[in-house]
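Hello! Here is the structure I promised to pass on to you.

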Amino acid sequence: MTTIVVRGVRRVCIFAVLIGVLLPVMSEPASGQDIAVAIVVHPQTQVDNLSFEELKRIFRGDRQFWEDGRRVTLLVRAPVAEERQLILDRIYEMDENQFREYWIGKMFRAEVAAGPKLVYSADMARELVTVIPGAITFVPVSEVSSDSKVVRIDGRLPGDVGYPLSGGT
Amino acid sequence: MNRSGTVLALLAALATTPSSAQTPQVQTPFLQAFLFGDAQYSEQEGTVNDGFRLGQMVAHGNASLSERVVFFGELSISARSSGYSLAMERAIIRYEFSDRLKVSAGRYHTPVSHWNTEYHHGLWLQGSVARPEAIKFGSSYIPVHFVGAMVEGNLQGLPLYYGVGVGNGRGDNIAAAGDVGDVNARSAFVASASIRPRSLFGFRVGGAVYVDRISVGGVDLADELITSAHIVWKRGPVDAVAEFINVAHEPVAGGPSESSPAYYVHFGYRLSGDASDVMPYMRYEDMDISPGDVVFTGLLGDYAAFIAGVRYDFDDLAALKLEYRSEEFGAGPRVDAFYAQASFAIPVAGGS
């Protein structure tokens, strides 16, 4: 027992040094978009403000229920949309491959019953979020309609200084 | 549309979003399914079973029966010398009260090891060709499967995830779960917890405890206590895991408790730019079986291995892994081995 622990600690130290050398060269995700997105929820969802950390937990599937007990339904734009790229960079901190593997893994581990539901246009996202109870999505600020329920992030709305989902911030 | 776009469009078809012309409800029951599979070639010094081998074909499905009731199932088909065998690997029915409280029953991968619950029978998801020896399917070291009931959840105010379960424990064949009932009067208990700091996405540290009584052929052999701890950093290009497991057996007939520890350190790093489909990885693992262990004697021996490999994702849902292993079985000499494995995942369309 003692021998294996001593031998193991020595080998783990070697790996730790190696990991320590490699970690600093991790590349940070790029985020050069010029777009700003608004977070929109179903009109009856009892939330007006979310912290950015809580928003990340919701979109990452780590929080699956609203406070009122309704299940969260994620609506996510299909690839190549500029607003999707911003969300992948800022919320998921992943590229497309990592995003795909992340959700397949979550489903395979039985952590979630279903992955995000893809939508193919801002119109579709805006329309579905108003009819699916518990739904949450993101749309470009320019596509927000007057009947959309936009949620504040850390108390800020799109256009406010320090809003975390604006390109360039 | 690029490769990722094609796959995501296929995934989108699975996650059938109701169109504006359809009913504005998330459809239930709703099924999402995947097929996983692999084929492998191996060359190992001193063995006669080298060559090509079809790995497990795995079907996995998630079904939302209602807003709060979900079912997860995993079936495998494995190649045997006598043909193919079909096995129910996981079948879990779960009622989700909230994020904090989810109650389920069925057949699980025992949450006594991080790798055992992070990766399942579909090999495409894991970075290496095979699981660490201590956790591999069919091994007697830990009870890989668990039949029983569990309470799980995560505490919203804290970055704490927990799981507590009671079940049958090991079967008469200790490498198998007690699928048709407990083999003795003592239930198995498992408790696991992990901390995943919100400000450090991708990092987690946790551990588990498992207790059971092992009986073989109607004879109570030993009381089993398994403890484990893990630390994980999986973010961006880095896939780093270190895990330590200790299995202790105290003979029912009397005598000292014997401990058999094992650990592994796995590190993978995905390259950047044009080489982003390539992930080199390496692992060191060690398993030290106590020679006086009343349960493991004759079943398990010491094992140590250094593994180095490369994973190449030649398609969005298919990967080729090339792996070199330098393995040491018991007191024998080191043995070199080479493995090549092609693995894949296939989304299967489903719906209500």
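This is a predicted model: local features need pLDDT of at least 70, side-chain atom pairs count only at pLDDT 80 or more; totals for chains, interfaces and linings use all residues.

In what sense do S1(A) and S5(A) pair, and over how many bridges? They pair in the antiparallel sense, over 5 bridges. One of these links A:Ala38 to A:Val139 in S5(A).

Residues are numbered from 1 along each chain as its sequence is written, and chains are lettered from A and ligands numbered from 1 in the order in which they are written.

You will meet a few terms. Helices (H or I, at least four residues) and strands (E, at least two) are DSSP runs, numbered from the N terminus. Two strands pair if DSSP finds at least two bridges between them. A residue is buried if 20 or more other C-beta atoms lie within 10 Å of its own, exposed if 12 or fewer, and partly exposed in between, with C-beta atoms placed from the backbone.

**Chain A**

Chain A has 5 helices and 6 strands, which follow the pattern α-β-β-α-β-α-α-β-α-β-β along the sequence. Of its 169 residues, 38% count as buried.

The 6 strands form an open sheet with mixed pairing, in the order S2-S6-S1-S5-S3-S4. S2 and S4 (117–119) are the edge strands, each pairing on one side only. As a reminder, strands of a sheet pair through backbone hydrogen bonds, either parallel or antiparallel.

S3(A) runs parallel to S5(A), with 2 bridges joining them, and A:Thr73 stands opposite A:Ala135 in S5(A). S3(A) also runs parallel to S4(A), this time with 3 bridges; here A:Leu75 has A:Lys117 as its bridge partner.

Why is S5(A) described as largely enclosed by the rest of the structure? The reason is that 5 of its 6 residues are buried. Helix H3(A) lies across S1, S3 and S5 of chain A, and runs at about 115° to S5(A) (axes are lines fitted to C-alpha atoms, for helices over the stretch in contact, and angles run from 0 to 180 degrees between N-to-C directions).

Next, find helix H2 (residues 52–59) of chain A, where the buried residues are A:Leu55, A:Arg57, A:Ile58 and A:Phe59. Among the elements that cover them are strand S1 (37–41), strand S3 (73–77) and helix H3 (82–92) of chain A. Just after H2(A), A:Gly61 takes a positive phi of about 80°.

**Chain B**

In chain B, start with strand S13 (residues 258–269): 11 of its 12 residues are buried, so S13(B) is largely enclosed by the rest of the structure. S13(B) pairs in the antiparallel sense with strand S12 (residues 238–251) over 12 bridges, and B:Phe244 stands opposite B:Tyr263. The two strands form a hairpin with 6 residues between them, and B:Gly254 in the turn has a positive phi of about 110°. S13(B) is also joined by 7 bridges to strand S14 (residues 278–287), again antiparallel; there B:Tyr264 has B:Glu285 as its bridge partner.

**How confident is the predictor?**

The mean pLDDT (the predictor's confidence in each residue, from 0 to 100) of chain B is 89, and 90% of its residues reach 70 or more. Among the elements of chain B, S13(B) has the highest mean pLDDT (98) and helix H1 (residues 3–14) the lowest (45). The model scores ipTM 0.85 and pTM 0.86.

Happy exploring!

Technical notes: Two residues are in contact if their C-beta atoms, placed from the backbone, lie within 7 Å.
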